[in-house]
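Please find below a note for a colleague who is meeting this structure for the first time. The points are numbered so that each can be checked against the model.

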Amino acid sequence: MERFGIDEAGKGPVLGPMVAACVVAPEGALPEGIDDSKRLAPARREELARRLRKDDRITVGFAAVTPDRIDAPDTDMNTLTVAAHAEAAREVVERGMTGICDAGDVNAARFVRRVGEHLPEGVALDGEHGADGNHVIVGAASVVAKVERDRRVRELESEYGEVGSGYPSDPRTRAFLAEYVAEHGDLPACARSSWKTCADVLAAAEQETLAEF
């Protein structure tokens with residue numbers, strides 16, 4: 001019997017999209033060693049993602065939420081995470097399937113209900129916090145979502161140069177934003193301008209400009 005799992009990567013970064021993935025697989029098809037992507041080394045994640053995507057028994061759906069969509073004033077990250085889970089699932093989930101998602105809301109039942117409202121009729125969805133570490137099928141979704149998110153961040157480097165991981169805690173990412181604003185006077189299109197990190201970078205650039213007078 002086929003089951004599906006859904007998870008997302010990139011909810012917190014200041015650069016690039018949030019990516020959700022839905023993995024559909026029959027029992028016994030998933031490779032050993034799958035876990036919450038945050039517990040796996042990058043090389044191991046890449047290896048597992050390749051195996052998952054090359055296996056004809058396994059199907060994977062993706063959804064990406066772009067920075068401009070994240071910055072829209074009429075939404076919030078919980079709503080966008082619901083949308084991303086549903087959009088990824090609709091790529092591959094069919095009537096009669098059963099699955100589980102990693103709950104992206106403090107209220108797991110509410111998150112599951114909201115995602116389920118956007119799935120095909122007859123699909124049964126469950127969910128919980130930490131599902132990516134507790135359920136291998138969700139761990140698989142966590143792995144491919146993280147690898148796809150990292151790939152998209154690497155693609156930014158062809159346009160911008162080194163941008164780091166995209167997380168606010170990454171010194172290289174913060175340096176990239178500061179350097180870009182200093183040169184261009186505004187944030188790059190890949191940045192989530194509504195994030196406090198971006199506001200701090202803009203404020204620092206403005207103070208530096210004022211200090212020059």
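1. The sulfur of cysteine 198 lies 8.8 Å from the closest cysteine sulfur, that of cysteine 190, which is too far for a bond, a disulfide being a pair of cysteine sulfur atoms within 2.5 Å. Cysteine 198 is also buried, its relative accessible area being 0%, where buried stands for under 20% relative accessible area, exposed for over 50%, and partly exposed for what lies in between (1.4 Å probe, protein chains only). A search of the whole structure returns zero disulfides. Cysteine 22 is likewise in no disulfide, the nearest cysteine sulfur, that of cysteine 101, being 9.7 Å away, and cysteine 22 is buried with a relative accessible area of 0%.

2. On the basis of these values, please keep in mind that this is a predicted model, in which local features need pLDDT of at least 70 and side-chain atom pairs count only at pLDDT 80 or more, while totals for chains, interfaces and linings use all residues. Residues are numbered from 1 along each chain as its sequence is written, and side-chain values use heavy atoms, with hydrogens and water left out.

3. UniProt, in an unreviewed entry, lists residues 1-207 as "domain: RNase H type-2"; its positions are given in the numbering used here, feature names are shortened, and annotations may be inferred rather than shown by experiment. Over residues 1-207 the chain is 46% helix and 16% strand, with the end C-alpha atoms 61 Å apart. Helices (H or I, at least four residues) and strands (E, at least two) are DSSP runs, numbered from the N terminus.

4. How is the protein chain divided by the domain assignment? The assignment gives domain 1 (2-156) and domain 2 (157-205), with bounds that come from an automatic or database domain assignment. The centres of domain 1 and domain 2, taken over C-alpha atoms, are separated by 26 Å. Their contact takes 19 residues from domain 1 and 23 residues from domain 2, contact meaning heavy atoms within 4.5 Å.

5. Between domain 1 and domain 2 the buried area is about 1,600 Å², of which carbon and sulfur atoms give 55%; buried area here is the accessible area (1.4 Å probe) that two parts lose on being put together, summed over both. Val14, Leu15 and Leu156 supply 44% of the area that domain 1 buries against domain 2, more than any other three residues. The count of salt bridges between domain 1 and domain 2 is zero, a salt bridge being a side-chain nitrogen of Lys or Arg within 4 Å of a carboxyl oxygen of Asp or Glu.

6. Two residues show contacts that include Val14. Threonine 197, placed in helix H8 (residues 196-211), is buried with a relative accessible area of 7%, and it touches Val14, Pro168, Arg174 and Leu177, not counting residues up to four places away in sequence. Alanine 191 is found in the loop between helix H7 (171-184) and H8 and counts as buried at 5% relative accessibility. With residues up to four places away in sequence again left out, alanine 191 touches Val14, Leu15, Pro67, Asp71, Leu177 and Cys198.

7. How many salt bridges are counted by this rule? The count comes to 18 salt bridges. One of them joins the side chains of glutamate 46 and arginine 154 (3.7 Å, N to O). Glutamate 46 lies in helix H1 (residues 42-54) and arginine 154 in helix H6 (residues 136-160), so the pair ties together parts that are 108 residues apart in sequence. Glutamate 46 is partly exposed at 25% relative accessibility, and arginine 154 is partly exposed with a relative accessible area of 42%.

8. Lysine 146 and aspartate 150 meet through their side chains (3.2 Å, N to O); being four residues apart in helix H6, they are separated by about one helical turn, and lysine 146 is buried with a relative accessible area of 16%. Glutamate 148 forms a salt bridge with arginine 152, the closest N and O atoms being 2.9 Å apart, and these two residues are also four apart in helix H6, about one turn of the helix. Glutamate 148 is buried at 6% relative accessible area, whereas arginine 152 is partly exposed at 26% relative accessibility. A network of salt bridges links Arg53, Glu148, Arg151, Arg152 and Glu155.
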